[in-house]
Amino acid sequence: MIYYFSGTGNSEWAARTLAGLTNDRVTRITKKTLQPVMVGEGESFGLVFPIYAWNMPQMVSDFLKNVSVHTGAYCYAVCTCGADAGWAMRLLRGRMHMDGVWSLVMPDNYIVAYQVEDDETALNKVRDANVRIQQIAAQINARKTGCADVQSGKFALVKTFIGGHFFNKYARSSKPFRSSYDCTGCGLCEKVCPSENILVAGDMPFWSDDCQQCLACIHRCPKHAIEYGKSTEKHGRYVFHYSKDQIEGK
Ligand SMILES: Cc1cc2nc3c(=O)[nH]c(=O)nc-3n(C[C@H](O)[C@H](O)[C@H](O)COP(=O)(O)O)c2cc1C
């Protein structure tokens, strides 16, 4: 089974593509699915998630606390990131045995800090990721062990520990979320939130204090009616939307 966490679809695409190439199935990690997982001898355990502040999302970390893996199981993880993953995969390997860890560079969705990439840059990243994921799947199918091919980036250790600390302490607050008059109360934000942190009442969303910062609510709002403080006002939105033909350049 491949377990994935995803806000805007990059990691979901990676998980589903890997599942297709390795003849496996996928399960999305959400608050609802945070249940104990037992991986038996000869079974495989795949994990796919986006990088947040050079580390794994808090919900993925919580999910792993309930995973028990037989020593004879095959385990691997793939992270998706806009640029680099820092020490995230090293920390993951410190927590549990991993036969393979890889990173996939994909379009960056962190619009709290950055503008979205232009279409050409984003599509090129997806095309490169598609080539790379075939290679990753081949290694998984061959049950290769000791694989570690991760784009860690410069100052990886410092970024993970210092950036990660500040991110969890200050950047995951729900307070800056707000909806504009364009909000129709459609409820999509409530549905897509993996941590059940949003309640739509009286045609308006309200955020509680368990935000993962996946930004699914902002990016997926059909009316572009959700902002996070002032920083997202001038930034575009991104959701993985590429067809097979686009990715394969047909
Ligand atoms: C809160 C947050 C923090 C992020 N931090 C990083 C980072 O440290 N390094 C990086 O390369 N990309 C970072 N990104 C970009 C995402 O990792 C990347 O766009 C990922 O593919 C999104 O996956 P998803 O579409 O499955 O949600 C961050 C995105 C978010 C929302």
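Which elements make a right-handed β-α-β unit here? Some notes on that and the rest follow.

1. Ground rules. This is a predicted model, with local features needing pLDDT of at least 70, side-chain atom pairs counting only at pLDDT 80 or more, and totals for chains, interfaces and linings using all residues. Residues are numbered from 1 along each chain as its sequence is written.

2. The crossovers. The right-handed β-α-β unit is made by strand 6, helix 3 and strand 7. Helices (H or I, at least four residues) and strands (E, at least two) are DSSP runs, numbered from the N terminus. Right-handed means that, with the strands pointing away from the viewer, the path from the first strand over the helix to the second runs clockwise. Have a look at the next one too: from strand 7 through helix 4 to strand 8, the β-α-β crossover is left-handed.

3. Strand pairing. Strands 6 and 7 run parallel and are joined by six bridges; pairing takes at least two DSSP bridges between the strands. Tyr 76 has Gly 100 in strand 7 as its bridge partner. On to strand 8 (residues 147-149), which pairs with strand 7 in the parallel sense over three bridges; there, Val 101 is partnered by Ala 148. Strand 7 is mostly covered, with five of its six residues buried (20 or more other C-beta atoms within 10 Å of a residue's own; 12 or fewer is exposed, in between is partly exposed, and C-beta atoms are placed from the backbone).

4. A nonpolar core is a set of buried Ala, Val, Leu, Ile, Met, Phe, Trp, Tyr and Cys residues joined through C-beta atoms within 7 Å. In the largest, of 43 residues, Val 48, Ala 77, Val 78, Cys 79 and Ala 88 touch the most other members. Strand 6 gives the most to this core, with six residues. Another core, of 15 residues, lies apart from it and includes Cys 214 and Leu 215.

5. The ligand. There are 26 residues around the ligand, with Ser 6, Asn 10, Ser 11, Pro 50 and Cys 81 coming nearest (near means a C-beta atom, placed from the backbone, within 6 Å). Helix 1 (10-22) and strand 6 (74-81) each give two or more residues to this shell, and helix 1 gives the most, with three.

6. Gln 134 belongs to helix 4 (residues 119-141). Gln 134 counts as exposed because 11 other C-beta atoms lie within 10 Å. The C-alpha atoms of Gln 134 and Pro 36 are separated by 30 Å.
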